[in-house]
Amino acid sequence: MSVDELLTKLRSVDVNLVLEGDELRVSAPKGALDAELRDQLSNNKAAIIKALGSAKRTTTLSAQPIERLKPSPDYPVSFAQERLWFLDQLEPGKAFYNMPLAIRLHGELSIPALGRTLNAIVSRHQTLRTRFASRNGRPIQVIDEDSKFELLQEDLSAMQAGTRDTQLALRIRQESLLPFDLAHDSLVRGKLLRLSERDHVLLFTMHHIISDGWSMGVLFRELGACYAAFS
């Protein structure tokens with residue numbers, strides 16, 4: 001296995017490699033690094049450091065804006081996306097690869113600004129407007145150019161405190177277990193639960209085929225920046 005193939009495989013299981021000076025920092029979800037991958041990582045450490053250092057220097061010298069993909073009826077999928085699509089075909093209607101977030105929002109909340117924020121984020125990132133159809137038995141990416149994000153809302157504020165907490169936990173669990181249809185659904189959804197005038201919970205769920213743990217930092221930064229601008 002070449003270094004490029006090893007790096008691709010590591011990325012497919014959400015293993016992040018960061019070069020700090022001459023030190024290689026590795027972060028990975030629990031169970032992602034099996035014995036074989038650990039050995040390959042150890043045996044190729046010097047080559048990986050060299051490859052990451054070269055990529056970092058190239059990026060510093062020639063960084064260019066990321067351009068949007070032009071409309072096409074037949075975008076290929078990545079290795080990781082094909083793997084997740086195949087697993088979904090084996091067991092459709094499951095929520096194994098949902099990525100749920102429950103964000104507690106304290107203080108005054110502008111719901112119109114929050115709605116505009118989520119629409120802006122979905123508009124900015126084509127991956128959040130992507131579905132996965134099948135053509136001749138193989139997956140392809142379908143990017144929806146005009147996809148309006150719908151923020152559902154539910155008011156729990158009239159409930160007694162104990163009942164409200166129970167229902168909140170139930171809503172969070174239900175949302176996390178609601179499956180996506182990869183071919184037809186938007187693969188990102190949101191729901192705002194109102195607990196009181198100054199206390200809300202935002203439920204935000206994506207399918208792992210369009211996002212990963214590394215992307216969460218980007219999402220949170222844009223959520224804060226866009227909301228501040230729109231409010």
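**View 1. The buried side of helix α4 in the predicted model****.** In this predicted model, the residues of α4 that count as buried are Gln 81, Leu 84, Trp 85 and Asp 88. These residues lie on the same side of α4, because the arc they cover around the axis is only 100 degrees. Their packing partners are the strands β4 and β5, whereas the face of α4 turned away from this buried side carries Phe 79 and Leu 90, both of them exposed.

**View 2. Arg 83 of helix α4 and Ser 12****.** Arg 83 belongs to α4, which covers residues 79–90, and it counts as partly exposed because its relative accessibility is 29%, a value between the limits of 20% and 50%. Although Arg 83 and Ser 12 are 71 residues apart along the chain, their C-alpha atoms are separated by 8.9 Å.

View 3. When residues up to four places away in sequence are not counted, Leu 118 touches Phe 149, Leu 151, Leu 202, Phe 204 and Leu 223.

**View 4. His 200 in strand β8****.** His 200 is placed in β8, the strand formed by residues 199–207, and it counts as buried because its relative accessibility is 3%, which is under the 20% limit. Leaving aside residues up to four places away in sequence, the contacts of His 200 are with Ile 103, Arg 104, Leu 105, Leu 109, Leu 192, Leu 193, Arg 194 and Leu 195.

**View 5. Asn 136 in the loop between β4 and β5****.** Asn 136 lies in the loop that runs between β4 (130–135) and β5 (138–143), and it is exposed, because its relative accessible area is 76%, over the 50% limit. Its phi is positive, at about 55 degrees, although Asn 136 is not a glycine. Most residues other than glycine have a negative phi.

Definitions and conventions:
Residues numbered from 1 in each chain as written. Predicted model: local features only at pLDDT ≥ 70, side-chain atom pairs only at ≥ 80, totals over all residues. Heavy atoms only, no water. Helix = DSSP H or I, 4+ residues; strand = E, 2+ residues; numbered from the N terminus. Buried < 20%, exposed > 50% of the residue type's maximum accessible area, 1.4 Å probe, protein only. Contact = heavy atoms within 4.5 Å. Arc of directions from axis to C-beta.
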